[in-house]
Amino acid sequence: MGKVAARSGERILGWLALAALAATTVMSLVVSPPDAEQGQLVRLMYVHVPAAWLAYLAFAVVFVSSIAYLKTRKARWDRLAAASAEIGVLFTALAIVLGSLWGKPVWGTYWTWDPRLTTTAVLLLIYLGYLAVRRLPDSPTRRARWSAVVGVVGFLDVPIVHLSVVWWRGLHQGPTVRLLGAATIAPLMLAALLTGVAAFTLVYLYLMALRLRVGRLEDRAVAEALSPRVGRPVEALLSEEEGADADQAEVPARG
Amino acid sequence: MSLARQAAVMARKDLRIEVRGRHSLSAALPFAGTLLIAFGLSLGPGRTLLQQTAPGLLWLAVLFSSVLAFRQAYQTEVEDGALEGLVLAHIDKAAVFLGKAVAVVVQLLALEAIVILLVAALFGLSLGDDPAVLAGAFVLGTIGLGAVGGLFGALNESPTARESVFPLLVLPLATPVLVAGVRATTVATNGGPGGAGSWLGLLAAFDLIFLAAGTLVFGYLLED
């Protein structure tokens, strides 16, 4: 813990992610055929869908690690939630931008009040709120508790937001674009899509590893700055923050 | 004391403060009025457009002014360190949440009664078509808002939260209340398409989820 240099596992993950992205580029631009109706435009799917998938994966991780933090009070769960939320917001925004670039030529408009688009936009706003809450409190433990509550409640809100906008559009049938419907997608397209999903997931894991290392270093820097003032060794402060009784330690904000 | 009794004591305390000081309604009501006039000026004066958009404008006015009411609900606790007393008091934290939520719901219902009458007068919204659905939409919607506000109002302890973060957090979370409330109100007033049953059901589901979640997690926000 606290090493500045990347571990070898992290480096390997980075190279794997890069290789998978290269494979996605080849699969989506060269190997997969153009669509019968959309032509070349369908290739946007191979980055748009993986980005949207990552957004939901990242926020599910925030939800799980928020619950884990509230149960165990270990700072590592808070760092995990924070890292995942930042990456999730990035990929939600990316999915929306890519989706509207795709929407312009296909639907004739950058934005339509489609239930999925609307839910994704609300999702982005909820997690921007989450990140804003993370900047509020002056004590790390309080910040961790407050943001964990938002991480839990925000995720519970998502299905009901989606249901409300689906009904709002008066669409009671299934999704408008059945991407994985058996007959509607050619095997090569499916392969390209799955390569994209795998590549983006690797990118997520790599970014998480990177962000978690930064989070650990931040915590260590705070502990090192604090140690002479409170007259206790760095390791003791760090392990206290990991422990369940960290609530008593009033430490100034990190970062 | 049981949880319900403790929550009732909290709610009574908050409502007594509001009745004596009127801190919340004295800010929220003029704000709602200002919004309605601004909506009228930006969309009017054509009668048809105003009538069509009236349910949406009504709920927007309620939603935005509810933010002021939530803020005020915890403002009294932050002043004079009353919150520490509340944390130390030998009561269930969930009772604090439920009590705050109930008090805010009562205040908002009073606010909404006036706002509805204002909208009926200003935008020509007809109220007589289905009063039961209208009342149901507002009661259920307000319980949902009260649950969200009672839960995250505790963040107002931090001065930065009061200014910007709180609305940024609460308004997106309340999306289902806005959507379902407006649709149910449209059905109740203009006789819009379809029944209001599913919308009222959605509001009730939202209420249950947020009341349950709030009861479970509210303690983590206060514990210091």
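**Figure 1. Chain A is a run of helices.** Read along the sequence, chain A follows the pattern α-α-α-α-α-α-α. That gives 7 helices and 0 strands. Helices (H or I, at least four residues) and strands (E, at least two) are DSSP runs, numbered from the N terminus. The model is predicted: local features need pLDDT of at least 70, side-chain atom pairs count only at pLDDT 80 or more, and totals for chains, interfaces and linings use all residues. Residues are numbered from 1 along each chain as its sequence is written, while chains are lettered from A and ligands numbered from 1 in the order in which they are written. Of the 255 residues of chain A, 38% count as buried. A residue is buried if 20 or more other C-beta atoms lie within 10 Å of its own, exposed if 12 or fewer, and partly exposed in between, with C-beta atoms placed from the backbone. Take the contacts in chain A between residues at least 6 apart in sequence: 76% of them join residues at least 24 apart. Two residues are in contact if their C-beta atoms, placed from the backbone, lie within 7 Å.

**Figure 2. Helix α1 of chain A packs against α2 and α6 through its buried residues.** The helix covers residues 8–31 of chain A. Its 24 residues should span 34 Å at 1.5 Å a residue, and the end C-alpha atoms are 33 Å apart, which agrees. The expected span of a helix is 1.5 Å times one less than its number of residues. Leu13(A), Ala17(A), Thr24(A), Met27(A) and Ser28(A) are the buried residues of α1(A).

**Figure 3. Helix α6 of chain A ends before a glycine with positive phi.** Helix α6 of chain A takes in residues 187–230, 44 residues in number. From its first C-alpha to its last it reaches 63 Å, close to the 64 Å expected at 1.5 Å a residue. Gly231(A) follows α6(A), and its phi is near 65°.

**Figure 4. Arg73(A) sits in a loop of chain A.** The loop runs between α2 (45–72) and α3 (75–107) of chain A. Phi of Arg73(A) is positive, near 60°, in a residue other than glycine. Most residues other than glycine have a negative phi. Arg73(A) is buried, with 20 other C-beta atoms within 10 Å.

**Figure 5. Chain B is built from helices.** It has 9 helices and 0 strands. Along the sequence, the pattern of chain B is α-α-α-α-α-α-α-α-α. The radius of gyration of chain B is 18 Å, close to the 17 Å that the globule rule gives for 224 residues, so chain B is as compact as a globular protein of that length. The radius is taken over C-alpha atoms, and the rule is 2.2 Å times the number of residues to the power 0.38. Along the principal axes, the C-alpha atoms of chain B fill a box of roughly 55 × 30 × 30 Å. Buried residues make up 49% of the 224 residues in chain B. The average pLDDT of chain B is 86, and 97% of the residues score at least 70. pLDDT is the predictor's confidence in each residue, from 0 to 100.

**Figure 6. Chain B meets chain A.** Here 26 residues of chain B are in contact with 29 residues of chain A. On chain B, α7 (159–173), α8 (175–190) and α9 (197–222) each supply at least two residues of the side that touches chain A. α9(B) gives the most, with 9 residues. The residues on this side of chain B divide into 19 nonpolar, 4 polar and 3 charged. Ala, Val, Leu, Ile, Met, Phe, Trp, Tyr, Cys and Pro count as nonpolar, Asp, Glu, Lys and Arg as charged, and the others, Gly among them, as polar. The predictor gives the complex an ipTM of 0.85 and a pTM of 0.85.

**Figure 7. Glu77(B) is a buried residue in helix α3 of chain B.** The helix covers residues 47–78. Around Glu77(B) are 23 other C-beta atoms within 10 Å. Not counting residues up to four places away in sequence, Glu77(B) touches Ala82(B), Leu83(B) and Leu86(B).

**Figure 8. Gly128(B) is an exposed loop residue.** Its loop lies between α5 (93–123) and α6 (131–152) of chain B. Gly128(B) counts as exposed, with 9 C-beta neighbours inside 10 Å. Gly128(B) and Ala188(B) are 60 residues apart along the chain, yet their C-alpha atoms are separated by 8.3 Å.
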